[in-house]
Structure formats: C-alpha cells, structure tokens
Amino acid sequence: MRVLLLAMPDTADIIDYFGKLPNLGLVNLAGNLPGHDVRVLDLVLYKPRIRRVLEGILAEFRPQLVGLSAMTFQFDTLIRVARFLRSLDPAVKLAAGGYHPTLMAREIAAADPDLPLDFLVRGEGEATFRDLVNALEEPEPDLTRIAGLSYRQGNSWRHNPDRPLLDLATLPLPRREARLSQGFFFFDQTMDVVETSRGCPYDCKFCSITRMYGRNFRPFPLERILADLEAVRGQGAQAVFFADDNLTFDIGHFQKLCRAIVDRGLNDLRYATQASAVGLARNPELVAAMKQANFWMVFVGFESMSAANLQGMHKPTSPEINRRAAALLRQHDIGIIAGVIFGYPEETRASVTRDYRLMKKMRPDLIYSQYLTPYPKTRLRQEMMAAGLVANPDDFRTYDGFHCNIRTHRLSQAALYQSLKRESLKSYFDPSLYVQNFYLRHHPRAFFRAIARAMLSILAMVLRGGQPAQRLDI
C-alpha cells in the first residue's frame, strides 16, 4: 500500500528561529510498515506555503492512505489539510493520530458530522496503524479487532477498546529514509531526534503525558538506542535531541547510556535533551557522565522559582533543587535552556517580575517562558474551568504555550499577557543573558540571529494582540 505520513507545519514562531526538528513519531510508524511504500513529509519545512508541496506529492505518489499527526494547537490545521487532500482526491483514506486525537477522539468524532477523516488512531500508533494498513489491503477489511482504532461506521463512529502499551523491545528502528525532505537543525547544527524511553510516573497537573501512557516509565533496550544513534550519524546528523518524557527518571539507565555512547565512539555527536531538575540536582555524577558523552544542551523544566506554585502543580522540584541543577550544568559547561511557566492562579505583575528575576539569577543561556495552558483532559483544565480562570476554552489553535488563554485571580488575560511579554523582551536586552553565555561562546552568529528574530516574533505577536498568525496558504 502507498502510505503518506504528514506532520503539521504549526510551531510557535519563536521556536522556528532557533531550530526545526523532525517528527519522530511518523518515522516510527514507517519503521513498522515493512512491505509498504511509505513516504514521510514534515510540513514544518515548508510553512507557510504548503499548498504546492501537497498538490505535488498527491499527484506524484498517489497515496491510498494518508496519516496526519497533530498536537492540540495543530489540530485545526490538520482538519484544513485533510479537507484540502480530500478535495484533491476524494477516494484517499485519511487517518489522524497524535496527542490530540488520542485525548479527544470521542469529542472529535461527535462534534462534526462532516469531519474529513476516516480513522482516528489512539495512543501509541505503531501497532494500531500497522494493523489498519494491513487490514485495508484485504477485500473486506475487518476493523473491529484493531485495538486503539476509532473509525466511521455508517453515519456514526465506532471506538474500539484501547490498545495496551507496547513492548518497546519489539519495535523496529525508525525508517528515517522515508522522509521526503531534510534540513532539520538547531542553531547551526543538523539535528535529528531519538528516544530512549517513554512515559513519566510523575503527575504534574498541567501535563497530558499520563493520559497518553499512564503513570509509568518504559526504557528502550540499550542496544536498540545505540543502533539508532549509529543510524542517525550515518545519515549525516551532527547532533541528536532525546525526546524522552523524563530521561532522568531512571538514573541507572541514563548513566549506562552515557557510558555506552563514549565506549562506542558516539560522542562525536552532540546531544541535547529535556531533563528534570530533581534528576540532575540529586545525581551530580550523572551530569559529569553527560559531559563525557558530549551533552551540549539541556532543557530543564524549572517551571517556577516559587515553592507554592511548584507544590500547587505537583511539580517534583523546589527553588533550591532548581538552583543546584543549574549550578551543576554550569559547572560542566552544558548549555541551559530554562523552562518557566507563568499564569499560576495567584500570579500578579510583581510575581511575574520576581520569578523572572530569580530565574535569571541561575544564569540560564536561554529562557523558554510559556503561559500555563489548560490542555484537554488535564487536571489543571478541570480546576481552572471550575474556578473561571480559562479565558479561551474552545479555540485550541492558541494552545501552544506562547499564547495566553487564561486569567489569574489577580490579573486579567490581557494584563497577564502583557506582563510576560514585557519581561520576555526585557530579558533580551539584559546584559546578564550574554555574560558567559554558552551559545554566544560556541555559536555566536547563530545565537544573535536567533535572538533578533525571536525579539521580532514577540513584537509581532504583541501587535497581533496575542492572536495566532493565519499564514498557511490552504
């Protein structure tokens, strides 16, 4: 079967100026479809002009099934892309998967009788999508036995039982050669994405990972990870981003990986990841091992420097743990991207300024600031809806963390929006951001270019009043 897999083009504009990363989930799907002709297209490389590339691939490849992946803020675009594909080829079958279709399958199916989709793939898609593709090759497909699948049945939808979590040791390697385009990067390095585990046992109120995988942690076998890294290097990547939900949960597994990277000579690649502050702060020897393995950058979800905010979100860290984690990364000259969230229920203008000031005292190399976002099916959403703090409950296009959809008990939506944007812009003019900055020392041209574009992006967002830019040509 000819299968086309599409990653949506939507990203926050600010992120685009620092890098464009490929969709790992789709090449995972491709790796689980032996014997089928599969192409993967990351539309992020083409935005905002995606019409021509979609027309071209449909005319040339003539797919029989198209799989579309989306997070919450991308789902509106997914529907627009699906309608466009249907207009080009009314016979093509369309399937949607990813976080948003998984969490909202029943709501999606019930909301729109003209939904331009035939299937919704819920949860981990490798086995479910494989079973769907194989079934569609039969003269009379039997879809009733495919766990994790929702599909049209006459004028209604049938939702099969959920599929149990997969045994990660059985998954083939991603089929990255199925990509139709390359050009992925972070700063001035070509970069690809690898995973070493799935899941997170923590239960932060604002996170939807537990609704995807439950509260568990599953590591990939070490040999499989190393084989994937060798494949990525063989395809020309200079750097790797580990996209794990919580890489530092199993310290022993992570330390073994760092040692194996050195032993296999794979430390000629540069590594980046996201990590928990508590995992780093409590394991200084791990940070030293990360340096030996050539970890170059770590995104740390510090989230706040207020103990009350962290406790209120069930975030397993504290201001002191955050400081220790940052100090360890600094000690080993590993770049720090500080993840910080604003908009907690008791937030004020003064608390936004104070948290920003305390975050900058840890001397991160970049600050990645977002608004608290009430993603579907999270406990945070339930609580904020009940408290009347969700200003935009329905327009999920803005649920990307960079658009303000909430108010606090002390700040209106507009006041919260202006407070954070003001602090974000001020930080770019703060000399402390540039003193001994990791990226400035190692990638000066790329750093200043990205900072300048990010500042322009924030200004443009302010002028739009915080609304998303409607620029796609479909």
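# Exercises on a predicted model

Apart from neighbours within four places in sequence, H36 touches M1, V133, N134, E137 and R175.

## Exercise 1. The setting of H36

Task: State where H36 lies and decide whether H36 is buried or exposed.

Solution. Step 1: H36 belongs to the loop that joins α2 (24–31) to β3 (37–42). Step 2: the relative accessible area of H36 is 10%. Step 3: a residue counts as buried under 20%, so H36 is buried.

## Exercise 2. The packing of α3 on α4

Task: Determine how helix α3 (residues 51–61) and helix α4 (residues 75–88) are oriented, and which residues make the contact.

Solution. Step 1: two packed helices are described by the angle between their axes and the distance between the axes. Step 2: for α3 and α4 the angle is about 45 degrees, and the axes are 11 Å apart. Step 3: this angle makes α3 oblique to α4. Step 4: the crossing of α3 past α4 is right-handed. Step 5: α3 contributes R51, L54, E55 and L58 to the contact, while α4 contributes V81, F84, L85 and L88. Step 6: sorted by class, this contact of α3 with α4 holds 6 nonpolar, no polar and 2 charged residues.

## Exercise 3. The packing of α16 on α18

Task: Carry out the analysis for helix α16 (residues 413–428) and helix α18 (residues 444–463).

Solution. Step 1: the angle between α16 and α18 is about 160 degrees, with 10 Å between their axes. Step 2: angles over 145 degrees count as roughly antiparallel, and α16 and α18 are therefore roughly antiparallel to each other. Step 3: α16 and α18 cross in a left-handed sense. Step 4: from α16, the residues Y417, Q418, K421, S424, L425 and Y428 meet I451, A454, M455, I458, L459, M461 and V462 of α18. Step 5: the contact of α16 with α18 comprises 10 nonpolar, 2 polar and 1 charged residues.

## Exercise 4. The two faces of α15

Task: Identify the buried residues of helix α15 (residues 379–386) and the exposed residues on the face turned away from them.

Solution. Step 1: L380, R381 and M384 are the buried residues of α15. Step 2: these residues span an arc of only 95 degrees around the axis, so they are on the same side of α15. Step 3: an α-helix has 3.6 residues a turn, so residues three or four places apart point the same way. Step 4: the face turned away from the buried side of α15 bears the exposed residues Q382 and A386. Step 5: just after α15 comes G388, with a positive phi of about 70 degrees.

## Exercise 5. Backbone geometry in the loops

Task: Describe the peptide bond from K47 to P48, and the phi values of H314 and Q436.

Solution. Step 1: most residues other than glycine have a negative phi, and most peptide bonds are trans. Step 2: the bond from K47 to P48 is cis, its omega being near 5 degrees, and P48 sits in the loop between β3 and α3. Step 3: H314 is not a glycine, yet its phi is positive, near 60 degrees. Step 4: H314 occupies the loop between α12 (307–312) and α13 (319–331) and is partly exposed, with a relative accessible area of 42%. Step 5: Q436, also not a glycine, has a positive phi of about 55 degrees. Step 6: Q436 falls in the loop between α16 and α17 (438–442); its relative accessible area of 47% makes Q436 partly exposed.

Technical notes
Residues numbered from 1 in each chain as written. Predicted model: local features only at pLDDT ≥ 70, side-chain atom pairs only at ≥ 80, totals over all residues. Heavy atoms only, no water. Axes fitted to C-alpha atoms, helices over the stretch in contact; angles between N-to-C directions. Helix = DSSP H or I, 4+ residues; strand = E, 2+ residues; numbered from the N terminus. Parallel < 35°, antiparallel > 145°, perpendicular 65-115°, else oblique. Left-handed = near helix turned anticlockwise from the far one by under 90°. Contact = heavy atoms within 4.5 Å. Nonpolar A, V, L, I, M, F, W, Y, C, P; charged D, E, K, R; others polar. Buried < 20%, exposed > 50% of the residue type's maximum accessible area, 1.4 Å probe, protein only. Arc of directions from axis to C-beta.
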